[in-house]
Amino acid sequence: MPFGAERRPDGGTRFRLWAPDAGAVTLLAGPDRQALPLERLDDGWFGRVVPGLPAGTPYRYRLADGTEVPDPASRAQAGGPFGPSLVWDPAGYDWQAAEWRGRPWHEAVVYELHCGAIGRPGGFATVERRLDHLAGLGITAIELMPVADFVGSRGWGYDGVLPFAPASIYGSPDDLKHLVDAAHRRGLMVLLDVVYNHFGPAGNFLPLYAKSFFDEDRLTPWGPAIDFRRPQVRDFFRHNALYWLEEFRLDGLRLDAVHAIRDDSRPDILTEIADAARAAFPDRHIHLVLENDLNEARRLAGTPGPQGRYDAQWNDDLHHAAHVVLTGEADGYYADYADAPVPRLGRALAEGFIYQGDWSAQRRAARGEPSAHLPPTAFVGFLQNHDQIGNRALGDRLAALAEPAALEAMTAVLLLAPQVPLLFMGEEWGSRQPFPFFCDFEGELADIVRRGRREEFAAFAGFTDAAETLPDALDPATFEAAVLEPPDDGDDAAMRRLTLVRRLLELRHSRLVPLLAPRRIGSGIDRSRDRMLDVAWMLRDGGWLRIVAHLAPEKGPAWEMPSGEILFESAPGLAAALAGGIEGWGTVAVLEPTS
C-alpha cells in the first residue's frame with residue numbers, strides 16, 4: 001500500500017500519512033514511544049523509513065498540537081481505535097490452502113453472520129468452530145458483517161473507523177487469516193461486508209489533520225460525505241478493497257449502502273474498485289456484491305458496458321414482498337408491496353427488481369432500472385438478514401412472526417430458485433432469538449442513539465410508549481440476548497427445519513447448480529396470481545425449472561399441474577393435488593423438459 005506502515009525487504013518499516021492540514025507529524029514508535037519526526041513530502045504527505053522495528057511494534061502519530069492519533073491505514077490495533085497501532089507483517093501467516101482459487105458465483109449459498117454474536121465467547125475462532133456445521137448443511141460461502149475496528153466492546157460493525165484493521169475484540173489479523181484458511185480447506189468461500197459510505201461517529205480522527213477527506217457541502221445521514229473527488233481518498237478505498245482480497249485472500253466483498261456514496265466522477269469509485277479487483281486477481285473467482293437502494297441494474301454482471309462489474313445485488317424487493325406475504329405487515333416501505341404481494345414476489349423471482357423505474361407510492365418517486373435482461377444470479381435473495389431483523393424495534397425474527405408451514409414453504413422457494421440464496425445465522429433451524437441493534441458508545445453519543453431510536457419507532461403501532469418497550473441498544477444485556485445459542489437435539493421443530501434446509505440444499509447442489517452456469521440463463525416467466533406463485537426459468541440444457549407455491553393458509557384455487565420430474569414437494573402428492581387446489585401453504589418444484 002502507498003500509505004500506512006509497510007515492512008520493507010531490508011528490515012525497515014516505511015511510515016506514510018496523508019495529513020494536509022497538519023503543521024507537523026511525529027511518529028511515536030515502540031513501547032518507549034521514541035519520537036521520530038516525519039518528513040513533509042509533496043501533496044500533503046508525511047513519511048519516514050525506520051530501521052529495526054519488529055512486527056508487533058506499537059506506534060502512534062502525534063500532531064503539532066500534541067494530539068495523538070492512530071494510523072488510519074493501521075493493519076492492527078492494540079485495544080481498538082483509542083489504542084496504539086501495530087506494525088504487522090502481512091507475509092507472516094503460513095497459508096495451508098495456498099492453492100485455493102475460489103468457486104464460481106452460481107454455486108454460492110451465502111450465510112451471513114456476526115463474528116461477535118455467532119456464539120460464545122465470540123470472535124474469529126468461534127466462527128471457525130461453526131464451519132463444519134455450515135459445510136455439512138450445504139453452505140458454500142460465509143459473509144462476515146463488517147470487522148473494521150470500531151469503538152467499544154460490541155457493535156454491528158457499521159461504525160468502523162479504521163478500515164484496514166480487523167477489530168481487535170475478535171482477534172488478530174492472523175486469527176482472521178486462520179479463519180479464512182480453515183474455510184477454504186472446507187470448500188467455503190469467505191465474503192466480507194465493507195463500508196465505504198461513512199466513518200463511525202466515535203474514534204474517527206481524520207478531520208483533525210485531513211479535513212478535505214470529507215466534503216462539507218454534501219451531507220449524508222452520517223455527516224459530511226466522503227470526498228471521492230480527491231485522488232488520495234479514492235486510493236485509500238481502492239487499496240482497502242484490494243487489501244482484503246490480497247492479504248486475507250477473501251473471495252469477495254459486499255459493499256454496504258452504496259446509494260449513500262456521493263461521487264460524480266467518471267469512472268466513479270464503484271467502477272474503479274471493481275476494475276481494480278478484476279485486474280489484480282485474474283486467476284481467482286472474486287465476487288463483488290452491492291447493497292444499492294437505487295436498484296441500478298447497469299452495475300450488475302450481464303449488463304453490457306463498463307459499469308456491469310458487480311456479480312450481484314442484495315434484492316431487497318424480493319425480501320419485502322416475501323415479508324408481506326408471510327406477515328401481512330404493511331408499515332413503512334412494506335406499503336409498496338402490500339397491494340399484491342405474491343405477484344410482486346413472482347416478478348422479483350422472474351426479473352430481479354420489482355421496482356424497475358416504477359412509481360413508488362411510499363417514496364413518491366420512480367425507483368430503479370429495468371432488470372429483466374439480467375441472469376437470476378445477479379441477485380441475492382433472502383428472507384432475513386441483519387438489517388431486516390435488527391432494524392425492527394425488537395429485533396424479532398420471522399420464526400416469531402410467521403407460521404412454521406409458511407416459513408417452510410417460503411424457504412423452499414428461496415433455496416430452490418436460481419437467485420443466489422442467503423441465510424442469516426440461526427435461520428437454518430428457525431431460531432427465535434432476537435437480533436436487535438446494539439452498540440457501545442458513551443456519554444452524549446449514547447444519549448443520541450437512545451433518543452434517535454425512540455423517535456424512529458414512536459409512530460409505529462404498538463410503540464406509543466417506545467421508551468418502555470424498546471431494548472436499550474447500549475445495554476450489554478441487549479447484545480447478550482443476540483448471541484446465538486445452538487438448538488438442543490431434543491428441539492423437534494429445530495431439527496425438522498435443519499433437515500428441510502439440508503435436503504433443499506442437497507437438491508440445489510446436485511440437480512440445479514449444474515444447470516445454472518453463469519449468464520447462460522435469462523429471466524424467468526411469471527404466471528403468479530392472487531396467492532399462487534408460479535415462476536419458471538429456462539435452464540442451461542433448454543429445460544425449465546418451475547416453482548409453484550400456494551402462499552396462504554386457506555385452500556388454494558385449482559392450478560395447472562406442472563409436467564416433468566418432481567424435484568421437491570412440501571408434502572407427498574402435493575403436485576397432483578394442485579389440479580383440485582391444495583390446502584394451506586405448500587411448494588412444488590419441477591424440472592420440465594424442453595418445450
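Colleague: Which helices each supply at least two residues of the lining of the largest pocket?

Modeller: In this predicted model, those helices are α7, α9 (386-390) and α11 (443-457). The largest share comes from α11, with seven residues.

Colleague: What makes this space a pocket, and what volume does the largest pocket have?

Modeller: A pocket is an open set of points, whereas in a cavity the probe fits but cannot get out. The largest pocket has a volume of about 1,900 Å³. Its lining is made of 48 residues, and W156, D387, N391, R453 and E456 are the closest to its centre.

Colleague: How do the residues of that lining divide by class?

Modeller: There are 22 nonpolar, 12 polar and 14 charged residues in the lining of the largest pocket. Trp counts as nonpolar and Asp as charged, so W156 belongs to the nonpolar class and D387 to the charged class.

Colleague: How do you know that the second largest cavity lies between domain 1 and domain 2?

Modeller: Domain 1 (4-87) and domain 2 (107-343 + 360-369 + 382-442 + 472-509) both give residues to its lining, so the second largest cavity lies between them. About 120 Å³ of space lies in this cavity. Of its 14 lining residues, F3, W18, W45, P72 and F236 lie nearest the centre. Two or more residues come from each of β2 (13-18), α4 (206-209) and α5, and β2 gives the most, with three. The lining of the second largest cavity has 10 nonpolar, two polar and two charged residues.

Colleague: One last point, about helix packing. Why are α7 and α10 called roughly antiparallel to each other?

Modeller: Helix α7 (residues 316-327) and helix α10 (residues 404-416) pack at an angle of about 155°. Angles over 145 degrees count as roughly antiparallel, and α7 and α10 are therefore described that way. The axes of α7 and α10 are 10 Å apart.

Colleague: Is the crossing of α7 and α10 left-handed or right-handed?

Modeller: α7 passes α10 in a right-handed crossing.

Terms used: Residues numbered from 1 in each chain as written. Predicted model: local features only at pLDDT ≥ 70, side-chain atom pairs only at ≥ 80, totals over all residues. Heavy atoms only, no water. 1 Å grid on protein atoms, 1.4 Å probe; cavity = no way out; pocket = protein on both sides within 12 Å on 5 of 7 lines; lining within 4 Å. Points joined across faces, edges and corners; volume = space filled by probe spheres on them. Helix = DSSP H or I, 4+ residues; strand = E, 2+ residues; numbered from the N terminus. Domains from an automatic or database assignment. Axes fitted to C-alpha atoms, helices over the stretch in contact; angles between N-to-C directions. Parallel < 35°, antiparallel > 145°, perpendicular 65-115°, else oblique. Left-handed = near helix turned anticlockwise from the far one by under 90°.
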